[in-house]
Amino acid sequence: MDQNQHLNNSTEAQPSRKRKTKCCNGFKLFFAALTLSFICKALNAVIMKSSITQIERRFDITSSVVGLIDGSFEMGNLFVIVFVSYFGSKLHRPKIIGIGCLIMGTGSILTALPHFFMGYYRYSKETLVNPSENSTSSLSTCLMDQTLLLNTTSPEIVGQGHEKESVSYAWIYVLMGNMLRGIGETPIGPLGISYLDDFAKEGHSSFYLGSLNAMAMAGPVTGLLLASQFAKMWVDIGYVDLRSIRITPSDSRWVGAWWLGFLVAGLLSIISSIPFFFLPSSLDKPQKERKVSISSHLLKTNEEKSQTTNLTNPRQKLTEHITGLIQSLKSILTNPLYMIVLFLTWLQISSFIGAFTYAFKYVEQQYGQSASETNMLFGMTAIPTISIGMFTGGYITKKFKFTLLGFAKFSFATSLVSFSFHLLNFALVCESKPVAGLTLTYDGNNPVASHINVPLSYCNSDCNCDKNQWEPVCGYNGITYVSPCLAGCNSSSGNKKPIVFYNCSCVEATGFQNGNNSAHLGECPRDDKCKRKFYFYLAVQTMYHFFTALGGASTFMLIFKNVQPELKSLAVGFHALTIRALGGIPAPIYFGALIDRACMKWSINSHGKRGSCRIYNSILYGYTYWGLMDSLKFAALILYVVLIFTMKKKLQGKDTKASENGKKAMNEANLESLNDGHSVPPARADGETHF
C-alpha cells in the first residue's frame, strides 16, 4: 500500500515538475526574445538620432524641421498607445509584441526609401556631381572682371541640376517611416514589462528590468559603431566617382551613407519578431507564487463572467470595455503619487530627448568633431557607462529591497548628483570660431557686433563675390573665410588635392608674419584650448550618464508601484502616452527652434529658400542647449522633494489611522469585558471562586 502511494505521489509530481520546467523555459525564452526586441528598438532609436545632422544636410532643412521628423516617432506611438496598453493585456501579448517588431522594421526600411529616388546629393549650389564625371567643379576666386559661375550657368544645366538634387519634400517619407516605427514599437515596452512582472519570481522584477535595460545597451553600441562607419562613406557611394568629391567628412556639408543604417536596423527588427509568435499567451506561476490581491482576483473573475455573458451582444461588451477603461483612467488620474511621478518624469525625459536629439550635432559644431568620430566617441564612452549604471541600479534595488519611499529617495539622490555634474558643461563651452564676415571683419582685424550683413572690406570689395556661397577656406593666419573669393584669393592648385588657394589679399591684410598668403579648402580646426575642453566634456558626460542611469530602474518602478496591480499595464501605457505627447513630440521641435537662433550662416537652396545651417555661434548654442536642459532638470528636482514629502505624509496618515483603529479596538474589547463583568464572580485570594 505504501508502495502504491509512493508511485501515485511520484506520478503526480512528474507533471508538476514538467509544468515548472515548461514555465521556466517559457519565461527564459520570452526574456531572451524581449531582450532582442529591446536591442533592436534601441538600435533603431540611435540610428535615427545619430543620423539627424546627415538628414538635415541631405534634405537641406532646418533643425526645427528635423525636430518634427524626430517627433513623428512619438506621434506614431500616440495613435495606439492607450488601446495597446489597455486591450493588449487582455489579448495574446507575445504575438502583439511580435507584430509590433514587424511594423517597426518596415518603418525603418521606409525611412531609407527616399535615397533611392532622390537623385544625387549636391553639397553646393554651384556643384553638380555627375556619376560619369572625374573632375571637381570650378571654385570661384577673386578676379576683378569675374562673372559669377551661378550667373553663367545655362538654363539647361540648371534644369539638369534640379533633377539630380534633393527633392524638396522627400523628407516627408522619412517622417512617415519614423511614425510607422513609432507605431510598431508601442507594444514592446508596456506589454513586455507587464508580462515580465507577472511571471517573474516575487521580488525579482526590478532585477530583470535592470538586466533587460542593461543588455539592451548592446543596441546603441552597435548602432553607433555602424553609424560611425556609414558616416565615413559618401551618401551616393556606388553611384558616383568618389574622386570627384572635393570635401571631407569634417566638412559641414558632408553627408554620409545615412540610409544604410536604417536598412540594417529594419531587417534586424523583422527578424526579432519571429520568436514571439511561438510563445504562449500566459505562463504558469512558479512554485513561489506571488500573492495576488483580492481586488485583482475579483476583477479577473468579473471579466471572465462578462466575456461569457456578452458573446451574443458585442455592442454591450464594447460599452463595458470603454466604461472599464474610463474607470481605470479615473483611478490612476486621481492618484496624487502617480501624478507627481508623471510630471517629474515628463520634465526629465523632455530634457533627455531634446539633449540626445542634438547631442551629436552639438559635439560636431562645438568641438569640431566629424560625424564619424562623434558616433564612435558616444559608442565608446556614453553607452557602456549607461549600461553599467542601469545594471548597478537594478542590483542595488534588488539587494536592499527598497520600499516605495526608498525608490523615491534613491532616484532623487542620483538625479541630484547627475544634475551637479551637468552644470559643469557651462564652463566647457568654446568660443566661436574666428570667421571673416561672421565674427570678424573681412580683413580679419576687428570683431563685429553682429554677423548680419557685414560689409565687404577693401581686400575683397572688387571681387564680385556671391555672399550666399559657402565654400569655406582656412587661411594660414588661422581665420576661416566663407569662400575663396571672399578671402581675396586669385589662383588655386586646381584639381590636385588638397586644394590650395594663393595670393589671398584678405589673408595678407591681417599682417601674417610668415608672409604666407595662401589658404586651403575647409574650415580651420579648433584651437588647443577648445580641444582640452573636449576631453573634460567627455569625463563630465561619463559621470553624468552613470548617475542618471543608476536611478533609472528606481524611477521606472515608481511609475507602476504607485497603482493597483491590475492597473500596471494601463499606468505604464498612460505614462508613455503623456511623455510622448508632451515630451517626445514638442521637445525636439523647441530645442531645434532655439538652436536655429544661434545659426550665423544658412545655406540657400536652388529655390532661394533657407536650408540647413552651416555654422553656429558656439557660445549662444552652448548656453541655449545646456540652459534649457538644466531648467527642466531643476524643476524635476523640486517635484522629487514634493513627492517624498507627500509619501511621508501619506505613511504618517496610515500609521495614525492604524493607531486609532488599534486604540478603538482595545477600548471596545475593554468595554465588552466590563459589560460581561457581572457574570464573572470575583476570585478569592486563595484562587477559589465564589458562586
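What does the accessible surface of the protein chain come to, and what percentage belongs to carbon and sulfur atoms? The accessible surface comes to about 32,600 Å², of which 61% belongs to carbon and sulfur atoms; accessible areas come from the Shrake-Rupley method with a 1.4 Å probe, and for residues only the protein chains shown count as cover. This is a predicted model, in which local features need pLDDT of at least 70 and side-chain atom pairs count only at pLDDT 80 or more, while totals for chains, interfaces and linings use all residues. Residues are numbered from 1 along each chain as its sequence is written, and side-chain values use heavy atoms, with hydrogens and water left out.

**Confidence**

- The mean pLDDT (the predictor's confidence in each residue, from 0 to 100) of the protein chain is 77, and 77% of its residues reach 70 or more.
- Where pLDDT is low, the predicted coordinates should not be read in detail.

**Overall architecture**

- The protein chain holds 24 helices and 8 strands; these are DSSP runs numbered from the N terminus, helices being H or I of at least four residues and strands E of at least two.
- Of its 691 residues, 50% count as buried, meaning under 20% relative accessible area with a 1.4 Å probe and protein chains only.
- Among contacts with a separation of 6 or more, 80% come from residues 24 or more positions apart.

- Helix H7 (residues 171–185) has 15 residues and reaches 21 Å from its first C-alpha to its last, close to the 21 Å expected; the expected span is 1.5 Å times one less than the number of residues.
- Buried residues of H7 include Trp171, Met179 and Arg181.
- Helix H8 (residues 188–199) has 12 residues and reaches 16 Å, close to the expected 16 Å.
- Because 11 of the 12 residues of H8 are buried, this helix is largely enclosed by the rest of the structure; Tyr195 and Phe199 are among them.

**Open sheet**

- Six strands form an open sheet with mixed pairing, in the order S1-S3-S2-S6-S5-S4; two strands pair if DSSP finds at least two bridges between them.
- Strands S1 (435–436) and S4 (491–492) stand at the edges with a single partner strand each, so one side of each has no neighbour in the sheet.
- Strands S2 (residues 473–475) and S6 (residues 519–521) pair in the antiparallel sense over 3 bridges, and valine 473 has leucine 521 as its bridge partner in S6.

**Cysteines**

- The whole structure contains 6 disulfides, a disulfide being a pair of cysteine sulfur atoms within 2.5 Å.
- One of them joins cysteine 459 to cysteine 506, S to S 2.0 Å.
- Cysteine 459 lies in the loop between S1 and S2 and cysteine 506 in helix H19 (residues 505–509), so the pair ties together parts 47 residues apart in sequence.
- Cysteine 599 and cysteine 613 form another, their sulfur atoms 2.1 Å apart; it is right-handed, with a torsion of about 100° about the S-S bond.
- The sulfur of cysteine 40 is 7.0 Å from the closest cysteine sulfur, in cysteine 101, too far for a bond.

How values were computed. Contact = heavy atoms within 4.5 Å.
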